[in-house]
Structures are given as C-alpha cells and as structure tokens.
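Dear colleague,

I am passing on the structure below, and would be grateful if you could read it alongside the notes that follow. They begin with the terms and then go through what was found.

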Number of protein chains: 2
Amino acid sequence: MTDESYKGYRGQALSTLKNFEALVWSDVEIKTATGQHIGIILPRSENGDDKHIVIKLRSGYNVGIACEKVEDIHINGRKEAHYQIPEKAFPFDPKKPNVKLLGTGGTIASRLDYRTGAVIPAFSPGELYGSVPELADICNLQTEKLYGVFSENMGPDQWRGTAEAIGREIQNGAQGIVIGHGTDTMHHTSAILSFMVQNSPVPIVMVGSQRSSDRPSSDAALNLMHSVKTAADSDIAEVMVCMFGPTSDIYGLLHQGTRVRKMHSSYRSTFRTIGEIPIAMVDRQKITPLRNDYRKRRDDRNVIINTAFDDRVAIVYYYPNMKADIIDSLIDNGYKGIVIAGTGLGHVNKPLYPALKRAQDKGIAVYMTVQTLWGYVQMYVYDTGRDLMDLGIVPAGNMLPEVAYVKLGWALGQSQDLEKVKEIMLTPIANEITDREPSNGYLIFQGGIPEVEDFISRYQK
Amino acid sequence: MTDESYKGYRGQALSTLKNFEALVWSDVEIKTATGQHIGIILPRSENGDDKHIVIKLRSGYNVGIACEKVEDIHINGRKEAHYQIPEKAFPFDPKKPNVKLLGTGGTIASRLDYRTGAVIPAFSPGELYGSVPELADICNLQTEKLYGVFSENMGPDQWRGTAEAIGREIQNGAQGIVIGHGTDTMHHTSAILSFMVQNSPVPIVMVGSQRSSDRPSSDAALNLMHSVKTAADSDIAEVMVCMFGPTSDIYGLLHQGTRVRKMHSSYRSTFRTIGEIPIAMVDRQKITPLRNDYRKRRDDRNVIINTAFDDRVAIVYYYPNMKADIIDSLIDNGYKGIVIAGTGLGHVNKPLYPALKRAQDKGIAVYMTVQTLWGYVQMYVYDTGRDLMDLGIVPAGNMLPEVAYVKLGWALGQSQDLEKVKEIMLTPIANEITDREPSNGYLIFQGGIPEVEDFISRYQK
C-alpha cells in the first residue's frame, strides 16, 4: 500500500483508517457513538489535522468525523478519483485581451469527479480551460499561484505580495487582473488593495466561491466567468469584488473594493455593497454599469504600488460594559492605531475615557466607525460624541470598520505624524468615505433604477 | 442673572457665554475660525461637557461649537422656552388595560416649543397625555423613571434593575410593560432581558426614537403609540423591540428581543430582525402577527426573574492579522468568557491558536459566532473550524455576537461549570438559536407573505 492509499492522513486519523483497512476513496459506513455516516473517505490536504476522517456524504456535503468516536468502519467498495484534470492547451487569440489570474487560496474552479463526488481543483490555464471552456471565448488567460492559504490567514505579507504581483503584471501588459481568494476576508483584501494599488489602468477583480464545485448549486464557475469577463472587457479600472448577485443565479455584481462586506456565512449572495450601490452588474454577455463615477480604463496611466503598512493596528468592537483594560492592553502592547466600532453614531461608555485619554497622550491614532455598518459617524450630536472628540478620537465618516482598520495600517505605514495620518485617513482614495449614501444602498440593493429593471426584465420574457 | 440664564453650562463654556453676555435661548450668530453658525443657544443637560456651546440651527439640527474656536457672538434676540409641559391628568378607564412605562434614558416623547425649537422631554403620565393624547385611548398609563443614562452607558447594574422592576410591576398587575431606552444598545438590553425575565405572562416592549421630536420626521410619538398599543392589546408575551418599519412611516415592527440589531446609525428604520422575520407589524389600530410561534399572553403564568450575571466576558471581533496578545490580555485580566465574532463560518487565524489553547487550559468559556451577522457557525466544514473545536471553542449556532455576549455573562452567572454553561448556552430560551433562517429573513424583511401584502395594501387604496 502506497502513501496515496491514505493520502493526507497522519497520526491518530491514519491509525484509525489503517486499523479498519479503510483506504481513501472507500465507500464506507462509519459507526460512531452518536450515529452512522455513509459516504466516501476523501483524501486530506497537507494542512489537515490528524484527528478527523473526512467523508463525502451522499448529500454532497463533506463532514469530519472525530477518530476517537469511531466504533466501526464497514467498507462497501471503492471509487477512486483521478487527481488530475486532462489539460487542454488554452487557445491563444491575438485579438483577445490578456488576463492574468493570480491565486491566493480558495477554490476558484474545479472539476467534479462524478464517480466519487471528489472535487479536483483546477488552476493552470489548461486545467481551467478543461473545467470552464467558456473562458477561452473571453480572453487569453495566464495564471500564477501566489499563495495557498485559507483567507482567514491572509495578512500584510500576502497583501504586499499580491499588490506587487498586480503591479508587475500590469507592467507586463495584462489588460485585466483577476485574483482568486477565499471568501472569508476577501473584503479586507479588496480594501487594502484599493490603497496599495492606485491609479490602475485596468480592472482588478477579486473572486471566490461560496459553494464548492461538487454541489449543484456551486457559484464557482459562474463567478469565475463573470470576473474574467470583467477583467477582459469592462472599462472599470477599480479594485472590485465580483460575486453572485442577490436576485437570481444568472448575474454577478461588481462591488467597489472599499464598500463591500460578507453578510451571510453560507449563502452564495453573501457579498453586499454597503452604503452605496454596486458599480455594475455582469453576466456572460454584458457588463451593465449602475454608476458612472468609477475610474475608466486608460492605456496611458501608470499604476502606483505603495505597500508600506504598519501592522500595529486593531479593531475594538464596542459592547456595553466594556472595561478600560481592553484599551489599556492595546496601549501597553505597543499598538499605534485603534479603530473603534462604536454603537449608534459612534459612542462608547464613560469607563473607557481614562484609557482613551492615555492612548491620546501616547500618540496612538484612534478612529471612530459605526458598528451599525450603514450610516455615518456623527460625533457632534450628543455629549458622548463631543467628549470622545475631546479625547482625540477622529470620526471616520462612513468608512466601514474593516476598511478603516486596513487603511489605518496603511496610513501609519506612510507616516507616523498623526496630523499627516489624519489627512490620509480622511481623504478618500477609492470611495471609502462618500458624501452621501443612496437610500437604495441600505441593507439590500433592490434595484429601482432603470438600468436594473432593464437588466432583470431580459430574463423575465 | 440666575443660574437658569446659563442653564447647564460650566467651566470654559460658561465663561465664553458670560464673556459675550449670551444667555441660554438667545438667538445668535456665532463666528468661529472656520465659519458662522446661526441659531438659538440651548441649555445643556447635567452631564454635558464644559467645552462646547450647543445651538439649534435653523435647519432643526443641534450642533456643538467648541468654545476655543469662538471669535464672536452676536445676539439678535431671545426666545425663551417654558421648560414645563402643561399636565393634564391621564384619564382612568377601568375597562382599559394597565400599562407601566419604565424609563431608562433616551427621549421617549417630548413636546416641541415652536417659538424656540426646543425639545421639552415628557415623561409623567400627565405630560405624556399632554404630548400624545392618543395614549389615553389605549390604556391606563403609569410611569416610573429607573435611570437617565445614554444607552451606551447601560450595563449589568441597569439590566438587573430593569429586570427586577419588570418583575415587580407584573406582580403588581401591569398588563403590559413598556421600556423607554436609548437606541444605541437597545438590542443588547432586549437580549439580556430575554434571559433575565422569563415566562412573562404579558408583553414587554422596548421603545426609543432615532430622531428627536423637534424634527418633522420624528419617530418618537409613533413608536411610543405602537409600543403602548402592543403592551396593552397584543397577545405576544415576549421581550420585544418596537421600532419604525422599513417601508413606510405608518407602521412599526415588533422584533424578538434576541434577534434584532441596530443596522443604521441615523435612519429611523434602523432596527432589523436578523435571520428571522419580525414577530408582528403594528399600527395605531391593529397588531398583525407575522409568525405564530411566539409565547401567548396568559393570566395564569408567573414571571421568573433571574438576574445573576458574571460580567467578566468580552467580544473579540476577529480581523485579519489579529495577534495573540488580544486573547492573552483577556486571559491575564481574569475574563471568564469570550465570544469570538469570526469570519465566514466561524474562523480565526492560526497565530491565535496558542492563546486559545491557553484560554482552554485556564477554563475560560469560548464561543464562536459569525461577524457576517446572517447565517450559522459551521465548524465541521473546514480544517480551521475543526482545529478551533479541538481548542474547546463552542459553535453558537446563529446566535448574534451581541446576544451570545450577554447570554454568556448570564450563563456564567448561573454556573461556573463549563459543561453546565454550555448546556445553558446551546439551549434556546427566546429564539436566540433557531433551527433555520427563512430566506426572507436575509438582510431585509421584504414581505412576500399574504399577511404583509394585505397589511400594506390597506394603505395603497
């Protein structure tokens, strides 16, 4: 038996499988103290733990079963998957735009092995062409894997590396950039890239999927097609998130990188533009702008990459009865910047005031955002707000807490002079602060403007 | 000149006013380095700072002007407000239900002095009757002021006191309870009251206003009428938030106390039921239930008041690149419970693992919620989730982070045995965890069920 027979399993999980001679790809019934699970034993990734056996249930869901609970494994058969996608050379058409896909992690596209239900990740142009042949109608595609991390593990190093790769590829003539990314922190990365990559001549489109390709309801292929279409054909030279639209599974939405947030842990239509409407809708044929205030694609513009970042920043999400030690610890641990997500118009309780005064005395940059997510900080309305401004806390308009967090790290990377930092923070770079929020930008983008009605009506005939 | 002439002003603010002989209620033009403000000098509250002069602008907005920036105050006249509402005895009708209104802070109702634009808070039954005479058509009203704090300063002491007052008033025969509360943390208080006050025989309705009564668009009177109507007439014996509905200014929504959150810093329709639909709609004539799974009003049930609360709990709102010191500080500072608001299905980055292990070893209760707000924690899907469960972190279903925070304090008040705490946390008391989230409970309640259509169509004829 080769290593492939227990591919990816280690320690306790490996012993358990060996104990029952249950190889990867076996079709099994696993009995545990709490019930029975029927499915196929899947291989594990390199980063997997050593305490669980993962099986694909008949429902298509994967589930991890704790080894210590396994009482018996009955083997019904074996359905091996071929862990390779037949590569077909991605066609080159000199008339089509060149798009570069940079991978950071997360499954962008994959092929389903129907015999086993296993998901086979696709990433090389040839593999992607094999999985989603429509891509070749849109562009000439090149790919490069920068990282392979779950998005909760993305941080300043990966942000810098991604920004630099974008700059390099634009210099090399890419006419559009797509960035594959796990969905958890896609909006944090889209925000920091909006600051680290400025003046881009071409679209920069982040994409991911909420449901893996082995489920009939997967959004992976559609999101990929929409993002590549946007990178290749759109005239929107902004950092954007391209994900599933809210009202059908036919179109995607393009969200400004600084005004977007993940709003549902499992739905496909999880990314929503906050306090604005999306920049555009996209389907496989067409990109339909919903606004006209975006930066247009231009050949004569040079991208500016600025990756300076001071990571001694934190978000403090206020809750009632919060105590001063939360702030004191940040001060004592050397933080240089704090973004508070306050209640209401930007409030915290009085017991925090002495610690906030100490932060002010230590020269820590403290900014106020709202945890309501929608709406503006307004610190002139109530005494609490005025008190906090006296403590040097700067209202950050309608910047989302996550966006203020990455921008503050970036601003402190540019300068440690608090006045300069403030100037950077309060000068919008990519609509992270806007003058007003449209009423149809609250909670859900429901349409109500002619472009959307036209767009949707095409599918209702 | 009496103290009333500079009512509420102290220190620097008082000196500035005296310097220009600008009394409260003066109609003034204030010149500052950055511009000119025209309006009426308003009195300050007892808790006001001593660095700002507050004036009511012609627009109806109040603004605070920093004394140190004041260059000149020109006085155009004086428009004194009478700081008293003519009391009219609230009529008693033995056929009407008795409702008790408990005040914690925030302006519940008020009368506008039209000459000055000043807001005169109303609270006694007689004052309320003078301001909102419609209340007498609904019930016999009694009032009691428990606290007078901005809602960001509410905490365990006020929660306990409010719960005890509710218990007492129900024992005394109140057929419905209304609680006036500032809007910032109304949802935190409604959540903790859902745990501290159980088995109520009558409705418990929290209410506030987003816009003060001196603005034509105020929601104060309407919210008050709706909440009193609900307390007096509804058969819904739950802890609820009664605030402005989303689609018109005619009706209010009744939100379950554990499934509601403030979602806009300034809009009137800011409170939204999350991951569920509201319990009911209410207007001045009628209460229209949207669900039927609520606890019904019953005369033969005894309320249970349980106010034990351990306040050594905190929310950790995860962000990329979070460092272990955030968790370590909580451990070192003696916290007993931590609610993480993770990304996606409930994730944090690997650098936190050692600190989370330490928390586990110290016997700290750690629960996972999702910062997407909508959707469930699911920690079996990815390796990250399984790793975190191995570190003893308990997934909290679809409990909102704020709700898990107050429930964890309450659970630790009941027991310090982590197994017992877990049993309490994962056993729903007031729908804080539900089996499923209806699709029309995502982001906005848009109707789509016959009751709502019927309800709304009444106004479209």
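Two strands are said to pair if DSSP finds at least two bridges between them, where strands (E, at least two residues) and helices (H or I, at least four residues) are DSSP runs, numbered from the N terminus. This is a predicted model, in which local features need pLDDT of at least 70 and side-chain atom pairs count only at pLDDT 80 or more, while totals for chains, interfaces and linings use all residues. Residues are numbered from 1 along each chain as its sequence is written, and chains are lettered from A and ligands numbered from 1 in the order in which they are written.

The sheet in chain B

In chain B, strand S3 (residues 52–57) and S4(B) pair in the antiparallel sense over five bridges, and within this pair His52(B) stands opposite Ala66(B) of S4(B). The two strands belong to an open sheet of five strands, in the order S4-S3-S2-S1-S5, with antiparallel pairing. Strand S4 (62–66) and strand S5 (70–78) of chain B stand at the edges with a single partner strand each, so one side of each is left without a neighbour in the sheet. Neighbouring strands of this sheet are turned by 40° against each other on average, direction ignored, with axes taken as lines fitted to C-alpha atoms (for helices over the stretch in contact) and angles running from 0 to 180 degrees between N-to-C directions.

The sheet in chain A

Chain A has an open sheet of five strands in the order S4-S3-S2-S1-S5, and the pairing is antiparallel. Its edge strands are S4 and strand S5 (70–78) of chain A, each of which pairs on one side only, and the twist averages 40° from one strand to the next. Strand S3 (residues 52–57) of chain A is joined to S4(A) by five bridges, the two running antiparallel, and here Ile55(A) stands opposite Val63(A) in S4(A).

How the two chains meet

Chain A can be laid on chain B with an RMSD of 0.1 Å by a turn of 180° and a shift of 0.0 Å along the axis, the superposition being by least squares on the C-alpha atoms of residues with pLDDT of at least 70 in both copies. The two copies are thus related as by a two-fold rotation axis.

Between the chains, the contact takes 63 residues from chain A and 64 residues from chain B, two residues being in contact if their C-beta atoms, placed from the backbone, lie within 7 Å. On the side of chain A that touches chain B, the elements that give two or more residues are strand S4 (62–66), strand S20 (313–317), helix H7 (325–332), helix H9 (383–390) and helix H10 (401–414) of chain A. H9(A) gives the most to this side, with five residues. The residues of this side divide into 25 nonpolar, 25 polar and 13 charged, where Ala, Val, Leu, Ile, Met, Phe, Trp, Tyr, Cys and Pro count as nonpolar, Asp, Glu, Lys and Arg as charged, and the others, Gly among them, as polar. As 100% of the interface residues of chain A are also interface residues in chain B, the copies meet through the same surface.

A residue is called buried if 20 or more other C-beta atoms lie within 10 Å of its own, exposed if 12 or fewer do, and partly exposed in between, with C-beta atoms placed from the backbone. The buried residues of H9(A) are Thr384(A), Gly385(A), Asp387(A), Leu388(A) and Met389(A), and what covers them includes helix H8 (353–361) and strand S22 (365–370) of chain A.

A nonpolar core is a set of buried Ala, Val, Leu, Ile, Met, Phe, Trp, Tyr and Cys residues joined through C-beta atoms within 7 Å. Of the 247 residues in the largest such core, Ile177(A), Val228(A) and Ile177(B) touch the most other members. Leaving aside its neighbours within four places in sequence, Val228(A) is in contact with Val99(A), Leu135(A), Ile138(A), Cys139(A), Leu141(A) and Val178(A).

Two loop residues with positive phi

Asn199(A), in the loop between strand S11 (197–198) and strand S12 (204–207) of chain A, has a positive phi near 65° and counts as exposed, with 12 C-beta neighbours inside 10 Å. Asn321(B), in the loop between strand S20 (313–317) and helix H7 (325–332) of chain B, has a positive phi of about 70° although it is not a glycine, and is buried, with 22 other C-beta atoms within 10 Å.

With best wishes
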